[in-house]
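Here is a report on one protein model, written for use beside the sequence and the 3D view. Keep both open while you read.

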Amino acid sequence: MEQSKAGYYADFILYPLLITGLSVFEAGSFHKFPDLWLCSLALGLLMWMIVEYGAHRFILHSVEAFSRLHERHHATPSAYVGTPIWISLLCFALGGFTPALILFGWDVASGVTTGLTLGYVWYLVVHDAVHRRHLKHGSLLYRAKMHHALHHYAKVRGNYGVSSPFWDYIFGTYIAPAPRRSMTAVGEGRLTQGQTGGATHE
Ligand SMILES: [Zn+2]
Ligand SMILES: [Zn+2]
């Protein structure tokens with residue numbers, strides 16, 4: 001849903017603070033090498049990649065109540081449309097931290113939550129950059145921009161992953177880039193400036 005600029009960018013400050021807090025707390029309480037915490041962090045990152053792809057494909061583009069909200073982003077990519085922080089915090093608390101704490105204890109819960117939120121922040125940074133920043137040709141973020149441009153404007157469905165194309169490759173939803181001329185027009189024109197075009201996206 002559409003937010004104020006402050007609300008939109010609150011995630012960019014509060015989540016890194018949460019990640020730093022959890023990491024510092026863990027660093028202070030370790031009596032040995034934090035292998036369990038680091039493994040849990042890696043698992044949380046992997047879980048985020050799956051959640052990002054799955055939620056985008058099977059909720060935001062499939063469940064009517066959510067797809068109507070997501071449509072606003074597709075219509076105006078540069079608007080401050082996103083998930084309010086209280087909703088994302090609740091999802092991480094109830095879907096990640098609490099079950100992990102009950103089942104496996106503090107170290108796993110803290111590590112998984114750190115990994116999940118780290119992945120979420122990376123997703124936010126990439127998605128913000130592909131829509132609002134002019135990116136250097138050939139850079140990692142520029143490639144992400146081209147990938148996401150096809151999600152918005154290609155005539156076929158796909159490229160649901162934003163921070164990584166990995167699950168699009170796995171699940172067969174990867175859209176191969178168009179010839180350079182049209183890709184440049186799509187990526188640097190419409191995607192950044194929020195214009196809508198004739199191509200359908202979903
Ligand atoms: Zn979408
Ligand atoms: Zn987008």
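## H5 against H6

H5 and H6 are roughly perpendicular to each other, because their packing angle is about 75°. The axes of H5 and helix H6 (residues 140-153) lie 9 Å apart. Axes here are lines fitted to C-alpha atoms, for helices over the stretch in contact, and angles run from 0 to 180 degrees between N-to-C directions. Helices are DSSP runs of H or I with at least four residues, strands are E runs of at least two, and both are numbered from the N terminus.

H5 brings Val 126, Ala 129 and Val 130 to the contact, and H6 brings Leu 141, Ala 144, Lys 145 and His 148. Two residues are in contact if their C-beta atoms, placed from the backbone, lie within 7 Å. By class, this contact has five nonpolar, one polar and one charged residues. Ala, Val, Leu, Ile, Met, Phe, Trp, Tyr, Cys and Pro count as nonpolar, Asp, Glu, Lys and Arg as charged, and the others, Gly among them, as polar.

## Basis of the model

This is a predicted model: local features need pLDDT of at least 70, side-chain atom pairs count only at pLDDT 80 or more, and totals for chains, interfaces and linings use all residues. Residues are numbered from 1 along each chain as its sequence is written, while chains are lettered from A and ligands numbered from 1 in the order in which they are written.

## Overall make-up

The protein has eight helices and zero strands. Of its 202 residues, 27% count as buried. Buried means 20 or more other C-beta atoms within 10 Å of the residue's own; exposed means 12 or fewer, and partly exposed lies in between, with C-beta atoms placed from the backbone.

Residues 24 or more positions apart account for 68% of them.

## H4 against H5

Helix H4 (residues 85-104) packs on helix H5 (residues 106-132) at about 155°, with the axes 7 Å apart. The pair is therefore roughly antiparallel. H4 passes H5 in a right-handed crossing. Right-handed means that the near helix is turned clockwise from the far one by less than a right angle; anticlockwise is left-handed.

On the H4 side, the contact residues include Phe 92, Gly 96, Phe 97 and Ala 100. On the H5 side, they include Val 108, Ala 109, Val 112 and Leu 116. The class count is eleven nonpolar, four polar and no charged residues.

## The nonpolar core

Which residues make up the largest nonpolar core? There are ten: Trp 48, Phe 92, Phe 97, Ala 100, Val 108, Ala 109, Val 112, Leu 116, Tyr 120 and Leu 124. A core is a set of buried Ala, Val, Leu, Ile, Met, Phe, Trp, Tyr and Cys residues joined through C-beta atoms within 7 Å. H4 and H5 are the elements that give two or more residues to this core. H5 gives the most, with six.

In soluble globular proteins, nonpolar side chains tend to be buried together.

## H2 against H5

H2 and H5 pack at about 40°, with their axes 6 Å apart. They are therefore oblique to each other. Their crossing is right-handed. The contact divides into 16 nonpolar, eight polar and two charged residues.

Leu 43 sits in helix H2 (residues 35-60). Leu 43 counts as partly exposed, because it has 16 C-beta neighbours inside 10 Å. Leaving aside neighbours within four places in sequence, Leu 43 is in contact with Val 112 and Gly 115. The C-alpha atoms of Leu 43 and Gly 115 are separated by 6.9 Å, though the two are 72 residues apart along the chain.

Asn 159 lies in the loop between H6 and helix H7 (166-171). Asn 159 is buried, with 23 other C-beta atoms within 10 Å. Its phi is near 50°, a positive value in a residue other than glycine. Val 162 is found in the loop between H6 and H7. Val 162 is partly exposed, with 19 other C-beta atoms within 10 Å. Not counting residues up to four places away in sequence, Val 162 touches Glu 52, Tyr 123, Val 126, His 127 and His 148.

Definitions and conventions: Parallel < 35°, antiparallel > 145°, perpendicular 65-115°, else oblique.
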